[in-house]
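User: I'm new to this one and would like to learn how to read it. Could you walk me through it step by step?

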Amino acid sequence: MANVNVSTGKLLTRYENNQSTSRERVDWLHWTITKLHHVFKNSIVIITFLALWEAAPRLGLVNETFFPPITEVAKAWWGLLLSGDFVDHTVTSLTRSIGGFTLAILVSIPLGLAIGWWKTAAEYLNPLLEVFRNTAALAILPVFILLLGLGETSKIAIVFYACVFPLLLNTISGVRNVDPLLIKSARSMGLSPISLFRKVIIPASVPTIFVGIRQAGASSILVLVAAEMVGAKSGLGYLIQYTQFSFQITEMYAGIISISVIGLIINYLLVQLEKRLTSWKQVYSE
Amino acid sequence: MTTKISIQQVHKYFRVKRNLGHLKETVQPISALQDINLEVKQGEFMVIVGPSGCGKSTLLDLLAGLSKPNRGQIRLDGNEIAGPNLDRGIVFQQYALFPWKTALANVEFGLEAKGVGRKERRASALEYIQLVGLAGFENRYPHELSGGMKQRVAIARSLAYDPEVLLMDEPFAALDAQTRETLQSELLRIWEATKKTIIFITHGIEEAVYLGQRVAVMTSRPGRIKQVIEVPFESRTSEDDLRSNPEFVKIRHQIWDLLKDEVQRAQEQEKSKTLHAGNLKSNAKGVAANG
Ligand SMILES: Nc1ncnc2c1ncn2[C@@H]1O[C@H](COP(=O)(O)OP(=O)(O)O)[C@@H](O)[C@H]1O
Ligand SMILES: [Mg+2]
């Protein structure tokens, strides 16, 4: 079999190969320039923004008491870090948020895979899931507090609630929208339903599931901070609320910025994980 | 030569929902295939040509065991086809490669389904990648390959698990003319080397005559076999310019004659379908679910 004459094929592939290496080189150069441009584009506005933040209170354009310059905020943040308060609140918040998020993943992904695979279940459950998803998590925060009290349970539960639905709905839609041709092709090779599910349906759904994971990651922080502002004795949301009431305005800003940075880091980590797991995909939508 | 595949009085219907307006719906059966009879011999290269929408893919699904005929039967080596199996390999027009797998892993997929061990699988997949002229591209993902290369991978994947019959559904239709001709002659070479029975579906007359030892011409829907034409060339790969051979031209014209009314009828069907499209579109889901 191997001694079949494949000269035409070799010629053709060599031709295509040459073309693609030179194309790659051009691509690489193009990529570097785009990347530099990208970094510049991303950072210039942030730098300008920080400069404005510094200048506006110093020039008296805004009230310095309520809007302290960024360097003052940075100093306050450093103080919080040295006192250990910042670390404590951050650890508390992250534990709650990662706890709820992980629980939601453990429940939603297997459940979503099962519902998506079982067509009738998906059709019946979809309306109810849509209702839940469109019920803002914060709107039912009072329910959680009534049922679960002010402790850790209610915080983790609200994060769990906020993460479950984007995860569940995206997993279901990932399974339901697998290219039928891939299923047909796998079926034609005699795959059993279980192997089909394991080897085709799950890998094909990964990109859509990741859309859900990223949405859930973002809302886990958002919802938690809000919940901590309403009823908590610790956490970054509590820190912001508490510093506002006790008129430590620079500390309050330090807390706000910390939350943004944590949100950015979480999103970045999830994007990296996504890129690793779906490296076979052509384009990333950023 | 012994008979490999025997298609006997096969009929296939689809139930299509149609809106009559005002929420009224009727379910109408449409006949996709009507009384198909065809024998394919062991090691034969059989081409089926017909206008689009005449039921070619439907017939291929039946051969693959992905769906069942409503009447009649299809036998492979004398046994009725019960379902999909690795004794038949399919190559689709749209490649159907798994995008999350490299070329090599795609070729290994069928071998894995067959239960071949890891090491052996790898070795065998590499051999077939070589056979289709893709050595050096083993670790590329499908999106990094051109259309022609993707189809080479798909062919290697189907050959790798060593099916007795290769079913090909317009595999070269999406490729540019040059790539198509290259792949046609390579397919012939692979066929001569592997001695597989091939059933090749196309709507291209020239492709049909170039590839097929016999060409079955289908009518427009409901698809029937209008005529089976012998193409008596000994070795296509050694002949220099087969396409301008007078015999080739004659057969091509003969098939064209058989097809032209059918193509026209198929286009008229297409038009009347478009007129109903408003009604049909809202039921697209139901239609697919009925397949
Ligand atoms: N699952 C299905 N449900 C309803 N009608 C179908 C289905 N599959 C194919 N058809 C109809 O059967 C006819 C033949 O289709 P097909 O076999 O795909 O044609 P071809 O491959 O020759 O272009 C077409 O009219 C098509 O609309
Ligand atoms: Mg078709």
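Predicted model: local features only at pLDDT ≥ 70, side-chain atom pairs only at ≥ 80, totals over all residues.

User: How many helices and strands does chain A have?

Analyst: Chain A has ten helices and zero strands. Read from the N terminus, its elements go α-α-α-α-α-α-α-α-α-α. As for contacts between residues at least 6 apart in sequence, 73% of those in chain A link residues at least 24 apart.

User: Which residues of chain A does UniProt list under "transmembrane region"?

Analyst: The unreviewed UniProt entry gives residues 98–119, 131–151, 158–176, 196–213, 220–240 and 252–271 of chain A. Residues 98–119 are 95% helix and 0% strand, with end C-alpha atoms 31 Å apart. For residues 252–271, the figures are 100% helix, 0% strand and 29 Å.

User: Is A:W28 buried or exposed?

Analyst: Exposed means over 50% relative accessible area. A:W28 has 56% relative accessibility, so it counts as exposed. A:W28 sits in helix α1, residues 7–58 of chain A. Together with A:L29, A:W31 and A:I33, A:W28 makes a nonpolar surface patch with about 520 Å² of accessible area.

User: And what about cysteines: how many disulfides are found over all chains?

Analyst: Zero, searching the whole structure. For burial, the cut-off is under 20% relative accessible area. A:C163 is at 0% relative accessibility, so it counts as buried. B:C54 is buried too, with a relative accessible area of 1%.

Definitions and conventions: Residues numbered from 1 in each chain as written. Chains lettered and ligands numbered in written order. Heavy atoms only, no water. Patch = residues over 30% accessible without salt bridge, like charges linked within 9 Å, V, L, I, M, F, W, Y side chains within 5 Å. Areas by Shrake-Rupley, 256 points an atom, 1.4 Å probe, with all protein chains shown as cover. Salt bridge = Lys/Arg side-chain N within 4 Å of Asp/Glu carboxyl O. Helix = DSSP H or I, 4+ residues; strand = E, 2+ residues; numbered from the N terminus. Buried < 20%, exposed > 50% of the residue type's maximum accessible area, 1.4 Å probe, protein only. Disulfide = S-S within 2.5 Å. UniProt positions renumbered as here; feature names shortened; annotations may be inferred. Contact = heavy atoms within 4.5 Å.
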